[in-house]
Amino acid sequence: MWLREELLKSIWHAFTALDVDQRGKVSKSQLKVLSHSLCTVMKIPHDPVALEEHFKDDDKGPLSNQGYMPYLNKFILDKVREDFDVLEFNKMCWTLCYKMKICTKNLLILDNDCFKVWCIFNFLSEDTYPLVIITEEIEYFLQKLIEAMGSGWSEEKFTDYKLQLNTKKDRLTAWELIELVGMGYFSKGMNRQTLSMGINEVFQELILDVLKQGYVMKKGHMRKNWTERWFVLQPTSLSYYVCEDLVEKKGVIMLDRNCCVELLRLGLPSPHREARLRRRELRQRQHTEEGDLAEKMKQLQVANENKQRQLEDMRKKMEEAAAKAAIEEDRKKKTQLDLQDRYRLDLEREKMVRQQMEEQVAQKSSELEQYLQRVRELEDMYHRLEEALEDERQAKQDEEAMRKLQARLLEEEAMKRTELEQIHLQQQRALSQTQAEKQELVEEQLAKERDLQAAMKQLETLENERKGALEQYEEVSRKLERAANKTKTWKDKVAKHEGLVRLIQPGHKGPQRITNWGPASFTDAELEMRKKCWQESKNQGAQAQ
């Protein structure tokens, strides 16, 4: 039984041919003629009054395809039986439309071959209107045609044609397909007879559902002699002709449950219809997967944009922090300059006091010289201490920056590992599908593997950056430790010589202590402490001997 969708495609061509003004509407008189022709060809009793009765409320003008469709379904297609000649039906629709759509004089194929290509187009076209045939079905038809002509299929040639086709559109109408075949673009070097035989073979296979055909010896009914006949096996019948041109049909044997094609016994559709359904389901599945992939890419793009915004905010914060650090550095430099000026003033004041003391106390000149030398040493010591403190502060800042960088790298590494695990899970799910789906999804798997390799490279880059950050962190830690040791050393030196910066004040009137540093260089407590240290070092030296 022919599917209603296949019959509607031929009727659609006839309806559009009657629409001369291309307004999408046809007059009632033309629809009456079309309906009568359809009923005659399909062996349906025609009711001439039914069209008028059906459209009695719409007398204002011509009818559109949508308006004619309910009448077509109710009064014609619902009454279709299996005993009508579908080829005669297709030829009637073809006769109404082909002269207005295409000129066959400039083609390498005859009108009958154009009709067969038109029928193949209706079989392979999509179930949406206006009717078109997509690139995959064009390749399927051309490959069968080239193989039927005994030539090899050129994948590169069709790829070039598909690229040219995609620059304009990725589908063809029935008339464009007929022109493509008739111009001999894919059959160069073939004569017209070979091309016609190839078209006829594909037509018989796809449209007439010819499963097998060939010469068979048959015994006659009346005369019991054996005669060679050309037999054609279809799912529901076995026809035989005088020869393979199928012009003179000698008889037909209808197949039933007692004698039928195994395909019919199982209740399955014809192989080509089933293959067409599988191809359409595969395309729908691919479109769905492409939509899901596009949605995932959109989500990834949104996530990437969010990450870019976060990075931009982080960059702005870093710039603000750098600006604040520069301002703080300027303030520290200014404070340091103020301290240096104040310290210079103090030194000048001390010089004045020293000069006064030199004028007043001549015997303390040598002590004053030593004192000034110690002051210079202490200044140098304080400068070094400030440098050590600055190094320690800078090392702490570098350590904090390295910690933040390490945390960010660890976070990005975790995110990449999560993405890799998701991609791995997707690959595991893809590998768990059937073998047929694996072959169909090879390209997608390769693309995912390329994404996985790119992600692995990015993860390796992040790992290297993290190692570099760890090395920088260790280097900063060592610098901080050296700075801390240096600071401690200078602090100990300052603590050891802190008595050097004590101002000389008038002492008490008792007897003064005389040391090798001069009179009144130490207090009694300091002298006792130095004496104790000297005694301990002396005892340790004696024990060592």
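**Aromatic rings, a helix and cysteines**

Author: Ring pairs join Trp94, Tyr98, Phe115, Trp118, Trp175 and Phe203 into a cluster. The model is predicted, so that local features need pLDDT of at least 70 and side-chain atom pairs count only at pLDDT 80 or more, while totals for chains, interfaces and linings use all residues. Residues are numbered from 1 along each chain as its sequence is written, and side-chain values use heavy atoms, with hydrogens and water left out.

Reader: To what count of aromatic pairs does the rule come?

Author: Rings of Phe, Tyr and Trp (its six-membered ring) pair if their centres lie within 6.5 Å, and planes under 30 degrees apart count as stacked, over 60 as edge-to-face and the rest as tilted. By this rule the count comes to 14 aromatic pairs.

Reader: Which parts of the chain does the pair of Trp12 and Tyr129 link?

Author: Trp12 and Tyr129 form a tilted pair, with 5.7 Å from centre to centre and 45 degrees between the planes. The two residues are 117 residues apart, and the parts linked are helix H1 (residues 4-18), which holds Trp12, and the loop between H6 and strand S3 (133-134), which holds Tyr129. Helices (H or I, at least four residues) and strands (E, at least two) are DSSP runs, numbered from the N terminus.

Reader: Does Tyr129 count as buried or as partly exposed, and why?

Author: Buried means under 20% relative accessible area, exposed over 50% and partly exposed in between, with a 1.4 Å probe and protein chains only. Trp12, at 16% relative accessibility, counts as buried. Because its relative accessibility is 40%, Tyr129 counts as partly exposed.

Reader: Why does the length of helix H6 agree with what its residues should span?

Author: The expected span of a helix is 1.5 Å times one less than its number of residues. The 14 residues of H6 (residues 111-124) should therefore span 20 Å, which agrees with the distance between its end C-alpha atoms, 20 Å.

Reader: How many of the 14 residues of H6 are buried?

Author: The buried residues of H6 include Phe115 and Trp118, as well as Cys114, which counts as buried because its relative accessibility is 0%. H6 is mostly covered, and the number of its buried residues is twelve.

Reader: How far from Cys97 is the nearest cysteine sulfur?

Author: A disulfide is a pair of cysteine sulfur atoms within 2.5 Å, and by this rule the count comes to zero disulfides. Cys97 is in no disulfide, and the nearest cysteine sulfur, that of Cys93, lies at 7.4 Å.
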